[in-house]
Amino acid sequence: MEPISPKISAFQGVQQMNIPLAAGPRHSVGLRSDGTVMAVGDVRNGQCDVSDWRGIVAVAAGNVHMATNTGKSHTVGLRSDGTVVATGWNGHQQCEVSEWSGVVSIAAGWRRTLGLRGDGTVVAVGRNAEGQCEVSSWRDIVAIAAGDWHTAGLSADGTVIMAGNNRYGQCHVSQWHNIKSVAAGYLHTAGLRSDGTVVATGANKHHQCEVGDWRGIMAVAAGSYHTVGLKSDGTVVAAGSNQYGQCEVSNWREIVAIAAGCAHTLGLKADGSVVATGHNEYGQCEVSKWSGILL
């Protein structure tokens, strides 16, 4: 099989750029420019067992809200040949991705994994109690995102399709248009418009959906209770819960990519180094020695 670019696929509508960072509830993952992967944080469930991965072009981490009965996670890697590897918690078969092929982008939610194929279709494996894996009928999808209990797909026409739990209105996106990327948190969804503004829907108890005044945004990420936006000037904005300092990003500069975990935030700098802020009980923010993490 010929290698598939992580940025351009056979389906020319696919536009999602796979960033080389991922954040779970208790761990962080970084993809080096040589295709190897590093991870820090909670190692107890195997989600950090990525040292032998090679030829990786994208990473994803299964996120989950913070609660006493949660925290187990998994990590997913997309190879340059369009196949997928996964490690970590597999209680719902969310790591059973070895037979996938033709994948150009990946996403991971709580207890599930998603793959966007080059033809604009989507595959999913894992927990489906709320219908969050009901994506087999989706077509012309160009980007995907996975929250705890809901899944978002960005269509080539700039609209968004949803599957899964909608108890808090996190799937109320039918009025969205001109969207170029999506992010899914615990109970909310954020969409980046082509004009650099952001929309959000769902649970807003911590003001994580208060993004209506953001401008000049080029990327968005969603944690459990916070939303992060990367501005075109390399600075970062955040809204939502700051209980662990996960929104303390106002002094970040020269950032080119972002990722949001349950209660921590990662930023990739132009020089290939990584900064982090927020919950660090398991060492998930210990990324200061990372280098060579390049887009």
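**Surface and overall build**

I looked up the surface first. The chain exposes about 11,700 Å², and carbon and sulfur atoms supply 45% of that area. The model is predicted, and I kept this in mind for each entry.

I then checked how many residues are covered. Of the 295 residues of the chain, 60% count as buried. For the extent I took the C-alpha trace, which spans about 45 × 45 × 40 Å along its principal axes.

I went through the secondary structure. I found 21 strands and zero helices in the chain. I also looked at contacts between residues at least 6 apart in sequence: 46% of these join residues at least 24 apart.

**Confidence**

I noted a mean pLDDT of 93 for the chain, with 94% of the residues at 70 or more. Residues 1-12 have pLDDT below 50, yet in the model this stretch has 30 contacts beyond near neighbours in sequence.

**Charges and salt bridges**

I listed the charged side chains: 21 are positive and 23 are negative. The centres of the two sets lie 4 Å apart.

How many salt bridges does the structure hold? I found three.

I began with arginine 26 and aspartate 42, whose side chains form a salt bridge with an N to O distance of 3.4 Å. Arginine 26 sits in the loop between β1 (21-23) and β2 (27-31), and aspartate 42 in the loop between β3 (37-41) and β4 (56-61), so the pair ties together parts that are 16 residues apart in sequence. Both residues, arginine 26 and aspartate 42, are buried.

Aspartate 42 also meets arginine 44 in a salt bridge, at 3.0 Å from N to O. Is arginine 44 buried or exposed? Arginine 44 counts as exposed because its relative accessibility is 57%. Aspartate 42, by contrast, has a relative accessible area of 4% and is buried.

I then turned to arginine 127, which forms a salt bridge with glutamate 130; their closest N and O atoms are 2.6 Å apart. Arginine 127 is buried, with a relative accessible area of 19%; the cut-off for buried is under 20%. Glutamate 130 counts as partly exposed, at 26% relative accessibility. Through shared partners, salt bridges join Arg26, Asp42 and Arg44 into one network.

**Glutamine 94**

I looked up where glutamine 94 lies: in the loop between β6 (84-88) and β7 (103-109). Why does glutamine 94 count as buried? Glutamine 94 counts as buried because its relative accessibility is 0%.

I listed its contacts, leaving aside neighbours within four places in sequence. Glutamine 94 is in contact with His74, Trp89, Arg111, Arg112, Thr113, Val125 and Gly126.

Key
Residues numbered from 1 in each chain as written. Predicted model: local features only at pLDDT ≥ 70, side-chain atom pairs only at ≥ 80, totals over all residues. Heavy atoms only, no water. Helix = DSSP H or I, 4+ residues; strand = E, 2+ residues; numbered from the N terminus. Buried < 20%, exposed > 50% of the residue type's maximum accessible area, 1.4 Å probe, protein only. Contact = heavy atoms within 4.5 Å. Areas by Shrake-Rupley, 256 points an atom, 1.4 Å probe, with all protein chains shown as cover. Lys, Arg positive; Asp, Glu negative; His and termini not counted. Charge placed at Lys NZ, Arg CZ, Asp CG, Glu CD. pLDDT = per-residue confidence, 0-100. Salt bridge = Lys/Arg side-chain N within 4 Å of Asp/Glu carboxyl O.
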